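Open the model in your viewer and keep the selection tool at hand. The tour goes from one selection to the next and says what is there.

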Amino acid sequence: MQRMAALFVQQLWLKLWIICITVLTLRGITAQIRYSMNEEMKIGSALGNVAKDLGLDVGRLMERNIRLVSGTKEDLFKVNPEDGLLSVNHRVDREELCGKTVPCLKNLKAVVENPLEMHQLIIEIQDINDNSPKFPDENISLEILESAIVGSRFQLEGAHDLDVGTNSLNSYKLNHNQYFRLETEEFDEDGKVPFLVLQKHLDREDKEKLSLQITASDGGKPPKSSALNITIVVSDINDNPPICGKQKYSVSVKENAPVGTFLVLVNASDADAGANGEIEYSIRNKFRGLSSEPFDLDSKTGKLSVKGELDFEEKQVYEIKVVAADKGAVPLSTHCNVIVTIEDENDNPPDIDITSLSGRIAEDAPLGTVVALMAVTDRDSGLNGEVTCTIPTNLPFHLKQSADGNSYSLVTKDRLDKELIHTYNIKISATDSGNPPLSSTKIIQVDVIDVNDNRPMFSQSPYTFHVTENNRPGASVFSVSAVDADEGENAVVSYSLDTKGQVASYLIINEANGTILALKSFDFETLKSFQFQVVASDSGTPSLSSNVTVHVFILDQNDNAPVILYPVSSNGSAEGVEELPRNVNAGHLVTKIRAYDADIGYNGWLLFSLQEVTDHSLFGLDRYTGQIRTLRSFTETDEAKYRLVILVKDNGNVSLSATATVLVKVVEPREAFAASDVKSSAKDAEDTNVTFYLMITLASVSALFIISIIVLIAMQCSKSSTDYTSKYLQDTNYDGTLCHSIQYRSGDKRYMLVGPRMSVGSTIVPGSQANTLVLPDRRRPSEEVRPFVYNLI
């Protein structure tokens, strides 16, 4: 009854333990669940629902690929990936798995993915009464001297039951007889050992042989038993059996001990003399039919030594029965017990088992992301079996050890950057604590997946381009370029223009290569510079972009012919009439040709020449100012009317020109004075109109250039360190017709768009279309440049 109550309490506590298991919320190995089962359960029998006990979503089991990792070749158990039901997969024999070890525990690991988790399952295998007690032999003979005294004890080999607990060997029973009774004694290794005790003197002449039967029964319900048939041979000689020097011999030996290593000397003595007292030693196997133990025993001396390979991982303790028998006619014997303990040597390196691996991880994965799960085992024991796992310290990963110390999680500890390192070959080293230590390594590869974390970068910032006016519409004028450090779609760059402002109306950009085309032809006289922004965007999700400012400066071409302001043009030609008194002296100003050119520099520098003249000796023309003066005094023979044709041309590479005609009438002084009043009035009106037009022209051109100067100054202030800086200087040496004199600085050179008079030492820059001069830089570093002066004559 007491055993039944104890069994009931044990089962009750086991059920309470299973109910109280909860799933811990840790990464890697997060929970430990314990189940209980009887051995020899039918294949397919359910033990419990792992998914429900771990609190997993049953609907996601197939997606998370739930599976068991046992570490053995044969999977005794399996888990249903659809509902998480844990069941028996193969025959479970407790005696085969654990022998006499109590409790019999089977450790499993349940692994799920997305995210990776490992949970420990402990299955306790309960013993059932499936083995009967077995004697080494079913029939034995025992010779006993007739002189044996009452109370003599004769040790027998006991029965062995592979079951444990109440199902193991419980009792012996001797059949009824008048000569012997049965006694038992408890031995640590052998359990209950039967002894025959003589309770009545034997008489060989009365009865030569006795037949006895001992029944061994276990404590199972129902109990199982087996019988030993004993034949007692009564002899009247050799009445002293050998006696062991020790009841039990114990010795330890290293598992790598070489063959022939001495273990122990078994010594037994016999009180008899002669052959009856001469002892011979032999090893007796506990079970017949099993392979012999890896030991050798000298039959004469009792010297026990190693004869085969010892392996601690296969077996740790050997129980050897040494039979010491005399050589009497009826030999007497006794059993000497020898316990050989195998000591572990560090002869097994650790084993690394990668149970789960995520071979690809995004570079923006959060810290602590699980990359791999691994189990580490070592078949050795003690310090030889204590394993430490390490990885190189210069990696953005570290190992996280589980609570039981047998598993590790490889997790991220630093941020990953695909642009720096795209693949990691992680060397995992496992080293035990033996002396010397043994180690093993395993390399796993982790590829870093690119994410869109880099913006496109322009090759310059800002861009500065010079474009000649009158460009062909639709042609490429310049291009920008940007690169992205990412890869794949994340590095494909497309270009677009910032649509703010008027630039979108006359520029278009190629989205693929950044080439910018002009939709219209630029006119320097209308637009001298402008700026806009280009946006470079990658093709990632979400897309990243950057922008750059582009400064564009329009270069002048000689595309404007000179315009005659005086004489006033009419019907497409400029023609004027001047009356001149005959009594004027040489050098008298007849009139002045006024003209202007909308271009600048050489393109706007005007020169005057007499194309047609009636008398070359009478009139002269200043080529720079356009003033017509008399070269001498008039004579009586000079004509009264002269026609002068003046050619006005600019200094462009392809010169443009215009002509003006002046008719000079020579009159007598009185006529001149008489007509002076009328002409003066008309002249005043004409001068008033010319002055008005000149003022409008001057105001328009001046306003345009003032705006240009303001834009250039603003650019200079916003980027004082740029290589492109424009500085304008006044040309004080020019007093000719309308043209431009502009000086500016770019980098370490100084340029000037020249008028009719140039500074000494100026040179023409190639490619400037003869519009630009390079000036020696005579300014001090701190000297400011004065704004240019626009002259109109």
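A disulfide is a pair of cysteine sulfur atoms within 2.5 Å. The structure holds 2 disulfides. This is a predicted model, in which local features need pLDDT of at least 70 and side-chain atom pairs count only at pLDDT 80 or more, while totals for chains, interfaces and linings use all residues. Residues are numbered from 1 along each chain as its sequence is written, and side-chain values use heavy atoms, with hydrogens and water left out.

**Stop 1: the disulfides**

Select Cys-98 and Cys-104. Their sulfur atoms are 1.9 Å apart and form a disulfide. The torsion about this S-S bond is about 65°, so the disulfide of Cys-98 and Cys-104 is right-handed. Are these two cysteines buried or exposed? Both Cys-98 and Cys-104 are buried; the word buried stands for under 20% relative accessible area, exposed for over 50%, and partly exposed for what lies in between, with a 1.4 Å probe and protein chains only.

Now select Cys-244 and Cys-336. A disulfide joins them, with 1.7 Å from S to S. The link of Cys-244 and Cys-336 has -95° about the S-S bond and is left-handed. Cys-244 lies in strand S15 (residues 243-244) and Cys-336 in strand S23 (residues 333-343), so the pair ties together parts that are 92 residues apart in sequence. Strands (E, at least two residues) and helices (H or I, at least four) are DSSP runs, numbered from the N terminus. Cys-244 counts as buried because its relative accessibility is 17%. Cys-336 has 0% relative accessibility and therefore counts as buried.

If the bonded cysteines of the protein are numbered in sequence order, the pairing reads 1-2, 3-4.

**Stop 2**

Two strands pair if DSSP finds at least two bridges between them. Select S2, S5 and S4, which form an open sheet in the order S2-S5-S4 with antiparallel pairing. Which strands are at the edges? Strand S2 (46-49) and strand S4 (77-79) are the edge strands, and each pairs on one side only. From one strand to the next, the twist averages 20°; the axes are lines fitted to C-alpha atoms (for helices, over the stretch in contact), and angles run from 0 to 180 degrees between N-to-C directions.

Strand S5 (residues 85-88) is joined to S4 by 3 bridges, and the two run antiparallel.

**Stop 3: an open sheet of 4 strands**

Next, select S8, S14, S13 and S10. These 4 strands form an open sheet in the order S8-S14-S13-S10, and the pairing is mixed. Strand S8 (139-145) and strand S10 (169-174) stand at the edges with a single partner strand each, so one side of each is left without a neighbour in the sheet. The twist here averages 25° from one strand to the next.

S10 and strand S13 (residues 209-218) run antiparallel and are joined by 5 bridges. Zoom in on Tyr-172, which stands opposite Ala-216 in S13.

**Stop 4: the partners of S31**

Select strand S31 (residues 439-449). Strand S25 (residues 360-362) runs parallel to S31, with 3 bridges between the two. Ala-362 stands opposite Ile-449 in S31.

Strand S30 (residues 423-432) pairs with S31 in the antiparallel sense over 9 bridges. Lys-427 has Ile-443 in S31 as its bridge partner. To finish, follow the chain through the 6 residues of the hairpin that joins S30 to S31.
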